[in-house]
Amino acid sequence: MGLGPELNDILARARADLRMGVPVVLTGHGQALIVMAAETAGAARFALMRAQGTVDLVLTGRRAETLKARAYDGDVARVVLPGDATLNWVQALADPADDLRVPMKGPLNTRRDGNCDLHRLAITLVKSARLLPAVLVQDTREALPLAARENLTLIPGEVATPHVMELATLDNVVAARVPMQAAQEGRLHIFRPEDGGEEHYAIEIGRPDRSKPVLARLHSACFTGDVLGSLKCDCGPQLNAALAAMGANGAGVLLYLNQEGRGIGLANKMRAYALQDQGFDTVEANHRLGFEDDERDFRLGAQILQKMGFDSVRLLTNNPKKIAMMERCGVTVAERVPLQVGQTPENEKYLAVKAAKSGHLL
Ligand SMILES: Nc1nc2c(ncn2[C@@H]2O[C@H](COP(=O)(O)OP(=O)(O)OP(=O)(O)O)[C@@H](O)[C@H]2O)c(=O)[nH]1
Ligand SMILES: [Zn+2]
């Protein structure tokens, strides 16, 4: 290993570029693509890309479904930009905010030939950058010299396929005592991914016995529920009830995973909330935006638990997928402990949809 960035580091750089509206270059499978996130693309760069050749807009199969565009590649659709396409037109395809007000964006012409592994990787990257899942791409031999000339981040796509995108290793950088209302004896641990990504937290309560299943909760960040006391979900009461249960039990561990909005980020969650105000439910809103119902990566939780020396848990959850994921990652779920609190008239429908469509246990 040299001093330079490794693959995970290059991917982290690429995420930062995409968030700033700077293109990146993906190579592999005999192709080279210039990729720019549709959400952050600026008019000047868009015009330059258009002037140098054909540009496609890559959307997810989910978004294509809403737009009634054919996704020949299943999970991704490559829309050919018409000659007169403006950046506003592109961004309206990417963002469903005005779908109802200005319904017909098409008919859209989508590509069916050629390999789209790099396109799929580009979508995975913008999703992990917490942007709308839509990218502008240009397939050109010029991409490599352009990357060198313009100092663009170059990703060797052959090794970075979405399937092998590894979870960065997390380091426990610091821990300190935090006495809490729910438990006098609390310690907050900060975990930092080695690729410089978002930090995650573990709150250890009491002194859990590592040789027995620990009372545990994988809590996903919810700024609206946890901090603002939003009545649209049950996150805040669940957070408090989990800490209280651990306090009463004398020991436990609560992981606070910064996977806001089931992994789509707070900006996209607010886009989903705006769609919910137009009548779509929580799952439909995610799909219209181009996301799956749940984009979280629970391998994170398993890694943190294992780093802390826990290999068996009594998991506070109503979500069977969390249990399955823990088991798959080698953390035994000795017991599921239900966590039903915080029902309000405002979140009644939300909880019913989660039970009906996402398999949550009531
Ligand atoms: N995308 C999206 N995310 C939401 C919405 N409401 C809450 N969230 C997020 O959902 C996450 C909580 O997930 P839930 O599905 O409520 O519960 P869970 O963690 O899967 O399951 P439990 O362990 O039973 O609580 C948090 O990250 C919230 O920010 C919504 O309408 N749309
Ligand atoms: Zn919430």
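The legends below describe close-up views of a predicted model.

Local features were taken from this predicted model where pLDDT is at least 70 and side-chain atom pairs where pLDDT is 80 or more, whereas totals for chains, interfaces and linings use all residues. Residues are numbered from 1 along each chain as its sequence is written, chains are lettered from A and ligands numbered from 1 in the order in which they are written, and side-chain values use heavy atoms, with hydrogens and water left out.

**View 1. Three cysteines carry a binding site annotation.**
The unreviewed UniProt entry places the annotation "binding site" on Cys222, Cys233 and Cys235; UniProt positions follow the numbering used here, feature names are shortened, and annotations may be inferred rather than shown by experiment. The lining of the second largest pocket includes Cys222, Cys233 and Cys235 (on a 1 Å grid over the protein atoms alone, a pocket is an open set of points with protein on both sides within 12 Å along at least five of seven lines, and lining residues have an atom within 4 Å of a point). Cysteine 222 sits in the loop between strand 10 (214–220) and helix 7 (223–227), while cysteine 235 belongs to helix 8, residues 235–249 (helices, H or I with at least four residues, and strands, E with at least two, are DSSP runs numbered from the N terminus). Cysteine 222 has a relative accessible area of 3% and is therefore buried, and cysteine 235, with a value of 14%, is buried as well (buried means under 20% relative accessible area, exposed over 50%, and partly exposed in between, with a 1.4 Å probe and protein chains only). Once neighbours within four places in sequence are left aside, cysteine 222 is in contact with Val227, Cys233, Cys235, Tyr256, Glu260 and Lys269, and cysteine 235 with His219, Cys222 and Asp226 (contact means heavy atoms within 4.5 Å).

Oxygen atoms of ligand 1 lie 2.7 Å from a polar side-chain atom of arginine 217, 3.0 Å from a polar side-chain atom of glutamine 238, and 3.0 Å from a polar backbone atom of glycine 261. Taken alone, ligand 1 exposes 660 Å², and the protein buries 99% of that (accessible areas come from the Shrake-Rupley method with a 1.4 Å probe, and for residues only the protein chains shown count as cover).

Leucine 218 lies in strand 10 and counts as buried because its relative accessibility is 1%; beyond its sequence neighbours within four places, its contacts include Leu255, Leu257, Phe298 and Met326. Arginine 262 lies in helix 9, residues 260–263, and is buried at 17% relative accessible area. The side chains of arginine 262 and threonine 282 are joined by a polar contact of 2.8 Å (a polar contact is a pair of N or O atoms within 3.5 Å; within protein, one must be able to donate a hydrogen and the other to accept it, and residues adjacent in sequence count only if both atoms are side-chain atoms).

**View 2. Arginine 288 makes a polar contact with aspartate 99.**
Arginine 288 is part of helix 11, residues 282–289, and its relative accessibility of 17% means that arginine 288 counts as buried. The polar contact joins the side chains of arginine 288 and aspartate 99 at 3.5 Å. Not counting residues up to four places away in sequence, arginine 288 also touches residues including Arg63, Pro96, Leu275 and Phe280.

**View 3. Arginine 130 has a positive phi.**
Most residues other than glycine have a negative phi. The phi of arginine 130 is near 60°, and this residue is found in the loop between helix 5 (117–128) and strand 5 (134–139). With a relative accessibility of 26%, arginine 130 counts as partly exposed.

Conventions. On a 1 Å grid over the protein atoms alone, a cavity is a set of points where a 1.4 Å probe fits but cannot get out, and a pocket is an open set with protein on both sides within 12 Å along at least five of seven lines; lining residues have an atom within 4 Å of a point.
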